[in-house]
Amino acid sequence: MNSNSKRNLILSAASSIIKTLGAEKLTLEAVAKEAGISKGGLLHHFPNKQALISAMVEESTNDFVSNMNERAANAAGDGKWSRAYIEATFVDDKSGNGNELNTAIIASLFTNPDLLLKLQNEYSNWQKKIENDGIDPVLATIVRLAVDGLWFSEIFEVGDLNSELRKKVITYLTNMTKR
């Protein structure tokens with residue numbers, strides 16, 4: 001197994017532990033066991049728990065940014081950044097592709113909130129793109145805030161919507177971005 005594959009395996013194992021057991025159970029020993037590698041093998045890639053969590057935040061943020069940028073680049077018309085934000089946040093989440101950012105945020109909040117600085121900077125960039133998206137900047141911002149609210153309610157499992165209502169909400173938000 002190459003170094004990148006092992007690194008991704010470790011990050012996936014850490015994410016799995018947070019999703020199934022909670023951030024408080026994230027230990028290097030637990031991650032090594034979940035990944036099926038020795039603790040020494042894990043330490044080769046991540047010298048400590050903070051480095052592991054930092055990598056989770058970095059990788060998941062980069063993946064989200066790439067996903068959003070690709071969706072916007074392949075879209076046309078006004079509101080494309082707002083729709084890209086909605087799609088990058090929700091469309092892939094049921095397949096498991098969107099869960100890494102969720103678990104990275106939970107881990108960083110639990111251990112070191114300063115790790116969220118990169119995500120905060122990206123949010124500033126997204127907000128600028130959304131405000132200049134060709135639709136009313138107030139409407140675009142309301143859509144982003146609603147997306148964030150739904151996303152955070154799902155991360156923290158508060159106020160869950162049934163799947164039919166959730167789908168209707170996402171469709172409604174998407175339609176708000178179209179002229």
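Author: In this predicted model, buried means under 20% relative accessible area.

Reader: Are Tyr-85 and Tyr-123 buried or exposed?

Author: Tyr-85 lies in helix H5 (residues 80-90) and Tyr-123 in helix H7 (residues 117-131). The two are 38 residues apart, so their pairing links distant parts of the chain. On the accessibility test, both Tyr-85 and Tyr-123 are buried.

Reader: What kind of aromatic pair do Tyr-85 and Tyr-123 form?

Author: A search of the whole structure finds six aromatic pairs. In the Tyr-85 and Tyr-123 pair, the ring centres are 6.4 Å apart and the planes make 70 degrees. Ring centres must lie within 6.5 Å, and planes over 60 degrees apart count as edge-to-face. Tyr-85 and Tyr-123 are therefore edge-to-face.

Reader: Which residues form one aromatic cluster?

Author: The Tyr-85 and Tyr-123 pair belongs to this cluster. The members are Phe-64, Tyr-85, Tyr-123 and Trp-126.

Reader: Is Asp-148 buried or exposed?

Author: Asp-148 is found in helix H8. Neighbours within four places in sequence aside, Asp-148 is in contact with Tyr-85 and Tyr-123. Its relative accessibility is 6%, so Asp-148 counts as buried.

Reader: How far apart are the end C-alpha atoms of helix H8?

Author: Helix H8 (residues 137-155) has 19 residues. At 1.5 Å a residue, H8 should span 27 Å. The model agrees, with the end C-alpha atoms apart by 27 Å.

Reader: Which residue just after H8 takes a positive phi?

Author: Within H8, the buried residues include Val-147, Leu-150, Trp-151 and Ile-155. Just after H8 comes a positive phi of about 55 degrees, taken by Glu-157.

Reader: How is H5 oriented to H9, roughly parallel or roughly antiparallel?

Author: H5 and helix H9 (residues 163-176) pack with their axes 9 Å apart, at an angle of about 160 degrees. Angles over 145 degrees count as roughly antiparallel. H5 is therefore, relative to H9, roughly antiparallel.

Reader: Which residues in H9 do Arg-83, Ile-86 and Phe-90 in H5 meet?

Author: H5 passes H9 in a left-handed crossing. Arg-83, Ile-86 and Phe-90 supply the H5 side. On the H9 side they meet Arg-166, Ile-170, Leu-173 and Thr-174.

Reader: How are H1 and H2 oriented, roughly parallel or roughly perpendicular?

Author: The axes of helix H1 (residues 3-21) and helix H2 (residues 28-35) come within 8 Å. They cross at roughly 115 degrees, and H1 passes H2 in a right-handed crossing. Among the H1 residues that meet H2 are Leu-9, Ile-10 and Ile-17. By their angle, H1 and H2 are therefore roughly perpendicular.

Methods. Residues numbered from 1 in each chain as written. Predicted model: local features only at pLDDT ≥ 70, side-chain atom pairs only at ≥ 80, totals over all residues. Heavy atoms only, no water. Helix = DSSP H or I, 4+ residues; strand = E, 2+ residues; numbered from the N terminus. Expected span 1.5 Å × (residues − 1). Buried < 20%, exposed > 50% of the residue type's maximum accessible area, 1.4 Å probe, protein only. Phe/Tyr/Trp six-rings, centres within 6.5 Å; stacked < 30°, edge-to-face > 60°. Axes fitted to C-alpha atoms, helices over the stretch in contact; angles between N-to-C directions. Parallel < 35°, antiparallel > 145°, perpendicular 65-115°, else oblique. Left-handed = near helix turned anticlockwise from the far one by under 90°. Contact = heavy atoms within 4.5 Å.
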